[in-house]
Amino acid sequence: MLNLYPWDVGTDSGITYTSPDMPTEPKDHIRRITSSFPADPGSPFYDPSGQEMKPLARLHLIRQRLYEKSCSDVTMEDNSEACEVGEWSDWSPCSVSCGSGKRSRQRFYKNENLASLKNCNRELTTRSYCYSGIPCRDGTVGVTSQEKEPEPDETCAVTSWSQWSGCSVSCGKGVKHRFRRLENRRNWKKCMFTQNPLVLKEDDVCIGEEGEECQ
């Protein structure tokens with residue numbers, strides 16, 4: 001809730017609403033009008049007792065949704081002609097036959113030599129979680145140790161994963177994201193122009209805060 005009070009913008013010296021135009025030269029500071037400012041009995045808000053002025057109105061705000069994003073979580077992409085990329089490939093099959101696993105898709109620079117010279121940093125690989133639709137009998141999620149991404153060496157060290165973003169929808173199934181960055185951006189080309197580039201963004205399925213069933 002916000003209390004709303006009148007303000008004097010410092011452009012007119014008239015005391016009341018019906019005062020003739022009296023331009024203030026030079027213009028004064030913008031100040032909030034109170035029971036003691038302007039200190040003139042002719043002011044409609046003046047109170048010789050100095051009692052706190054009541055607000056003219058109250059504004060009630062209701063937050064509908066919260067979007068959480070940090071500038072440090074976002075990888076800035078170069079969209080210049082030298083860094084043009086093709087369309088994303090189809091998603092790979094889910095990595096598991098039961099429970100939840102991972103899938104990936106890729107895209108490539110249209111001119112890889114030029115992109116390398118310009119140190120382009122477009123995202124070329126993205127991964128997301130997937131669901132086989134068949135629960136595992138032993139209760140496991142389906143991702144095996146062989147499918148885990150190998151630990152990057154010191155050259156390609158990365159930050160910890162950011163917190164998951166908010167769900168993309170308020171009700172029903174949506175997508176949430178999380179990011180990480182290379183510790184040393186100078187090694188971008190060495191770490192990303194490989195057959196198995198680092199994954200800097202992950203997606204996951206989420207349910208909106210209003211639940212799975214939308215009304």
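Predicted model: local features only at pLDDT ≥ 70, side-chain atom pairs only at ≥ 80, totals over all residues.
Me: How do you know where confidence is lowest and where it is highest in the protein?
Reply: The guide is pLDDT, the predictor's confidence in each residue, from 0 to 100. Its mean is 68 in helix α2 (residues 188–192), the lowest, and 91 in strand β4 (residues 57–59), the highest. For the protein the mean is 76, and 79% of the residues reach 70 or more.

Me: Over which residues does pLDDT stay under 50?
Reply: That holds for residues 138–150, for which the model has 19 contacts beyond four places in sequence. A contact means heavy atoms within 4.5 Å.

Me: What makes a run of residues a helix or a strand?
Reply: Both are DSSP runs, numbered from the N terminus: helices are H or I with at least four residues, strands are E with at least two. On that basis the protein has two helices and eight strands, in the order β-β-β-β-β-α-β-β-α-β along the sequence.

Me: Why is glycine 101 called buried?
Reply: Buried means under 20% relative accessible area, exposed means over 50%, and partly exposed lies in between (1.4 Å probe, protein chains only). Glycine 101 has a relative accessible area of 0%, so it is buried. This glycine 101 lies in strand β5 (residues 100–106). Of the 215 residues of the protein, 26% count as buried.

Me: Why does asparagine 119 count as exposed?
Reply: Its relative accessibility is 51%, and therefore asparagine 119 counts as exposed. Asparagine 119 is found in the loop between α1 (112–117) and β6 (125–131).

Me: What is there to say about phi of asparagine 119?
Reply: Phi of asparagine 119 is near 55°, a positive value in a residue other than glycine. Most residues other than glycine have a negative phi, and most peptide bonds are trans.

Me: Which residues does a cis peptide bond join?
Reply: Phenylalanine 37 and proline 38 are joined by a cis peptide bond, with omega about -5°. Proline 38 lies in the loop between β3 (31–32) and β4.

Key: Residues numbered from 1 in each chain as written. Heavy atoms only, no water.
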